[in-house]
Amino acid sequence: MRIGYLGPKATFTEAAVAALFPSEPRQPYATIPDCIDAVAAGEIEAAVVPLENALEGSVNLTLDYLIHEQPLPIIGEIVVPIEQHFMVHPYYAPHWREIKEVYSHSHAIAQCRKFLHTVLKGAKQVPTTSTSAAAKFVSEHPHLPVAAIANRLAASEYGLTIVQENIHDYDYNHTRFIVVSRSRQPLSPDSPLYAGDKTTIVVMLPQDQPGALHQVLSAFAWRRLNLTKIESRPAKTGLGNYFFIIDIDAPMDDVLIPGAIAEIEALGCTVQLLGSYPYYFV
Ligand SMILES: O=C(O)C(=O)Cc1ccccc1
């Protein structure tokens, strides 16, 4: 199975692919939508993209693209610990405090706010499509006063020098990556990294119905279905219109989750199943 991922080489996403699919061929794509489109077009069998970071929250681009543009099923999830390092071209290593621009993925920049605010106050922060795209850019501009925030793999892949290690603001820094595919077949739980199963649904509430969200939640509560995430995102149909992404800490079964979904639909909600899939921890 060929696995697409947010590239170029040495992103955190590639580290997630390496952990989950150590012996499958991999194919980098420049952006998250490119990864998802390549799966939809049948160029690759599956893709791994970032979904949520413990410090910064959801990767809205992934959520919105899956919900609005290219509704592919989620067939697995992997949670990876994230360490952010500050790296420069070796030429700049002795005077890295003079750096004027810091490049990285917006989530990585957000994970290192305290470092940037204190140690590199005033440096311009420039978002890139991925952390390794930032590292690659820095390696290609040895005489510019620029730095990247990326992982250790990117430093060695692009020949950069790490001048400050572990610059993320909080120790508990993990990211959830999802595996999307055209086939609904979930990944096998037969892995030492396997940690459980979950089900993700998207719920659109009926307009102006008092207590609708309360009733949705009670459909799970009285069935003792544990929810691990509920998040609203704009429906993009007007201010005040949202849908809710709900993670249920259980695999799809024949009774409980179908019963909850039927109850929610009877309230006038529309429900979309994004997937029921195993999750893994590195
Ligand atoms: O840019 C990367 O390396 C990614 O894989 C996306 C990302 C960015 C920041 C933290 C985790 C994943």
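Reader: Which residues line the second largest cavity?
Author: L51, L63, I74, R176, T200, K229, I245, D247 and L274 line the second largest cavity. A lining residue has an atom within 4 Å of a cavity point. The model is predicted, so local features need pLDDT of at least 70 and side-chain atom pairs pLDDT 80 or more, while totals for chains, interfaces and linings use all residues. Residues are numbered from 1 along each chain as its sequence is written, and side-chain values use heavy atoms, without hydrogens and water.

Reader: Why is this space called a cavity?
Author: The term is used because, on a 1 Å grid over the protein atoms alone, a 1.4 Å probe fits at its points but cannot get out. The structure holds two such cavities of 30 Å³ or more.

Reader: What classes of residue make up the lining of the second largest cavity?
Author: Five are nonpolar, one is polar and three are charged. Asp, Glu, Lys and Arg count as charged, Ala, Val, Leu, Ile, Met, Phe, Trp, Tyr, Cys and Pro as nonpolar, and the others, Gly among them, as polar. The lining of the largest cavity has seven nonpolar, 10 polar and no charged residues.

Reader: Which residues are closest to the centre of the largest cavity, and which element supplies the largest share of its lining?
Author: Of its 17 lining residues, F12, P50, H105, H107 and T131 are the closest to the centre. Helix 4 gives the largest share, three residues. Helix 1 (12-20), strand 3 (46-53), helix 4 (106-111) and strand 11 (174-181) each supply at least two; these are DSSP runs, helices (H or I) of at least four residues and strands (E) of at least two.

Reader: What makes the loop between strand 1 and helix 1 worth a look?
Author: A10 lies in that loop and has a positive phi of about 80 degrees although it is not a glycine. Most residues other than glycine have a negative phi, and most peptide bonds are trans.

Methods:
1 Å grid on protein atoms, 1.4 Å probe; cavity = no way out; pocket = protein on both sides within 12 Å on 5 of 7 lines; lining within 4 Å. Points joined across faces, edges and corners; volume = space filled by probe spheres on them.
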